[in-house]
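Here are some notes for you to read beside the model.

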Amino acid sequence: MQGIDHITPVLDVLCPMHVVLGPAGEMTHCGPTSRKFWPDDGAPPARVFDAFEVLRPRGIADMGSLLAARGEKLHLKKRAAPRTALKGVVMPFGAGGGAVLDLSFGISIMEGVRDYALTSTDFAVTDLTIEMLYLIEAKSAAMEASRKLNLRLQGARIAAEEQAFTDTLTGLKNRRAIDHILSRLIESGRAFALMQLDLDFFKAVNDTHGHAAGDAVLQQAARVLVEETREQDCVARVGGDEFVLIFEALSDRHRLAEIARRIIARIEEPVPFNGAECRISCSVGIALSQDCHPPSQEAVMADADTALYACKRAGRAQFRFFGEPENAGGSGPRPGPRQKSGPPPG
Amino acid sequence: MHGLINRAIQCYVRDNYGRERWIEVTHLADLGFSDFEAMLHYDDALTEAVLAAVSRSLGVPRETVLEDIGTYLVSHPNVEALRRLLRFGGVSFVAFLHSLDELPDRARLAVDDLRLPRMELCDHGDNRYALICRGDHAGFGHVMMGVLRTLADDYGALVFLEHKGGAGGSETIEITLVEAAFAEGRRFELGAGAG
């Protein structure tokens with residue numbers, strides 16, 4: 001041990017988490033911080049291998065194998081609880097077979113500082129541990145501020161969506177928009193027609209081909225509705241597969257029938273999706289504001305709904321005006337060039 | 001001005017005087033919104049308007065408001081994180097004073113777009129120091145008065161502080177350390193914060 005005693009005060013300051021080892025692995029001196037590994041149990045174990053288990057490199061259980069790993073990074077675990085994970089490096093000194101083992105917490109620094117109640121003075125002045133702890137706290141505080149901002153933005157987004165007039169999947173208007181437009185139309189007393197449109201056999205597409213296919217079908221239906229109506233008409237998706245169309249200043253039954261017929265025909269065109277063909281149809285109930293006395297939003301919607309359910313009862317894939325006798329067969333089957341009553345195959 | 005600084009003023013008013021008082025301040029300052037976001041940037045004029053409004057609403061001079069904000073920042077439980085970050089500066093009040101030189105850099109490590117005024121500590125010997133703050137915003141020295149006064153208590157040190165005014169974007173605080181270990185102080189455990 002010649003030569004180490006006068007240098008241990010130096011080691012205590014430069015690397016306070018070191019242990020001085022004798023030739024048989026006996027711990028002859030602990031630095032001030034490594035001494036804190038055994039706070040209450042009094043003295044540390046006599047031999048280094050009783051104090052720590054060397055996990056890597058494997059097979060180190062005596063001084064010979066320990067010194068063979070000189071200068072290498074060691075992974076250790078304290079044997080006494082808490083079984084703190086440590087990094088270390090060992091270097092021999094002099095000719096007597098002794099060595100210095102220097103230790104560090106590595107990534108388990110937070111636990112280490114807590115478990116052994118360490119303070120700034122337990123680390124070498126040049127050690128960056130304190131700066132690292134500072135950074136961990138500073139970044140957590142900054143992250144927390146960012147997280148709160150994100151939560152507030154998320155809340156604002158949800159609120160904005162609730163106030164929005166647009167259906168995000170199809171880009172059509174939504175139910176809120178319909179309420180808004182209808183109440184303005186009713187107030188102004190202008191005549192209009194309202195179509196209530198339900199996709200038929202949509203659930204079968206969802207069940208057979210999945211929701212992505214369902215979304216594709218909805219988007220295709222939305223395209224058809226926009227293309228088959230005028231710029232000034234309003235097209236909205238008001239539920240899963242339910243749409244409402246409002247035609248301002250249009251109450252010509254022939255024209256409305258023609259629009260409904262074209263819409264049904266085009267919606268029945270199969271939609272290709274991932275190699276499969278999705279086939280749907282639709283039922284359309286049509287109400288005219290002039291048939292309501294006095295016209296109200298609820299009454300026009302209810303009329304269109306009644307007509308829609310008459311279509312459904314009559315076998316779907318057709319349109320019908322409110323007020324038409326059901327046994328008349330509906331407007332759908334009457335002049336339509338392409339008449340279908342059952343679900344298309346597939 | 002960085003949102004963190006604006007937010008600090010808002011939290012100071014809210015935590016010490018209540019949300020209603022803060023809303024009154026936003027009206028007095030003609031802010032047009034009710035909450036600053038900590039991670040956004042705002043026009044400097046808004047910060048000045050808010051400070052003037054706080055001063056008017058509380059009926060105290062601007063300097064007093066600024067010093068109170070400094071005190072709030074390192075003593076209120078809602079902003080405990082900041083006190084801890086400052087205590088990382090040193091194990092004693094004197095070590096903390098010497099760490100102030102690097103405070104702007106430390107702040108930037110945490111939030112890289114946060115610019116704090118530069119600070120320089122002059123050691124005049126005999127436990128007398130002068131802290132010179134240099135920045136674009138007049139009044140930061142008063143905030144530091146509150147911070148220093150409160151952190152001295154935190155460390156258990158007895159100090160005498162005097163704001164010597166300033167010119168040309170620089171303010172000087174004279175610090176006299178009467179007794180380094182005057183009282184027990186508050187505990188600071190390294191590992192008590194994050195995680």
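This is a predicted model: local features need pLDDT of at least 70, side-chain atom pairs count only at pLDDT 80 or more; totals for chains, interfaces and linings use all residues.

1. If you look at contacts in chain B between residues at least 6 apart in sequence, 59% of them join residues at least 24 apart.

2. As background, nonpolar side chains in soluble globular proteins tend to be buried together.

3. Beyond its neighbours within four places in sequence, Leu131(B) is in contact with Leu100(B), Met119(B), Leu121(B), Met144(B), Ile173(B) and Ile175(B).

4. Now for chain A. Its 346 residues are 35% buried, and its secondary structure comprises 10 helices and 13 strands. Among contacts in chain A with a separation of 6 or more, 53% come from residues 24 or more positions apart.

5. One sheet of chain A is open and has 6 strands, in the order S2-S1-S6-S5-S4-S3, with antiparallel pairing. Why is one side of strand S2 (27–30) and of strand S3 (52–56) in chain A left without a neighbour in the sheet? Both stand at the edges and each has a single partner strand, so one side of each has no neighbour there. On average, neighbouring strands of this sheet are turned by 35° against each other, direction ignored. At the S3 end, S3(A) pairs with strand S4 (residues 74–78) of chain A in the antiparallel sense over 4 bridges. Arg56(A) has His75(A) as its bridge partner in S4(A).

6. Another open sheet in chain A is built from 5 strands in the order S8-S9-S7-S12-S13, and its pairing is mixed. Its edge strands are S8 (234–237) and S13 (319–321) of chain A, each of which pairs on one side only. S8(A) runs antiparallel to strand S9 (residues 242–248) of chain A, and 4 bridges join them; in S9(A), Phe243(A) is the bridge partner of Arg237(A).

7. What packs on this sheet? Helix H9 of chain A (residues 253–267) does, touching strand S7 (192–200), S9, strand S12 (281–288) and S13 of chain A. The direction of H9(A) makes about 165° with that of S12(A).

8. The contact between the chains takes 22 residues from chain A and 18 residues from chain B. On the chain A side, the elements giving two or more residues are helix H4 (109–115) and helix H5 (129–163). H5(A) supplies the largest share of that side, 14 residues. By type, the chain A side divides into 14 nonpolar, 5 polar and 3 charged residues.

9. Which residues of H5(A) are buried? They are Ile130(A), Leu133(A), Tyr134(A), Glu137(A), Ala138(A) and Ala141(A). The buried residues of H5(A) pack against H4 of chain A, together with helix H5 (80–87) and helix H7 (103–110) of chain B.

10. Last, a loop residue: Ala249(A) sits in the loop between S9 and H9 of chain A. Is Ala249(A) buried or exposed? Ala249(A) is exposed, because 10 other C-beta atoms lie within 10 Å, and a residue counts as exposed with 12 or fewer. Leaving aside neighbours within four places in sequence, Ala249(A) is in contact with Arg190(A), Ala191(A) and Phe192(A). Ala249(A) and Asp233(A) are 16 residues apart in sequence, with 9.6 Å between their C-alpha atoms.

Conventions:
Residues are numbered from 1 along each chain as its sequence is written. Chains are lettered from A and ligands numbered from 1 in the order in which they are written. Two residues are in contact if their C-beta atoms, placed from the backbone, lie within 7 Å. A residue is buried if 20 or more other C-beta atoms lie within 10 Å of its own, exposed if 12 or fewer, and partly exposed in between; C-beta atoms are placed from the backbone. Two strands pair if DSSP finds at least two bridges between them. Axes are lines fitted to C-alpha atoms, for helices over the stretch in contact, and angles run from 0 to 180 degrees between N-to-C directions. Ala, Val, Leu, Ile, Met, Phe, Trp, Tyr, Cys and Pro count as nonpolar, Asp, Glu, Lys and Arg as charged, and the others, Gly among them, as polar.
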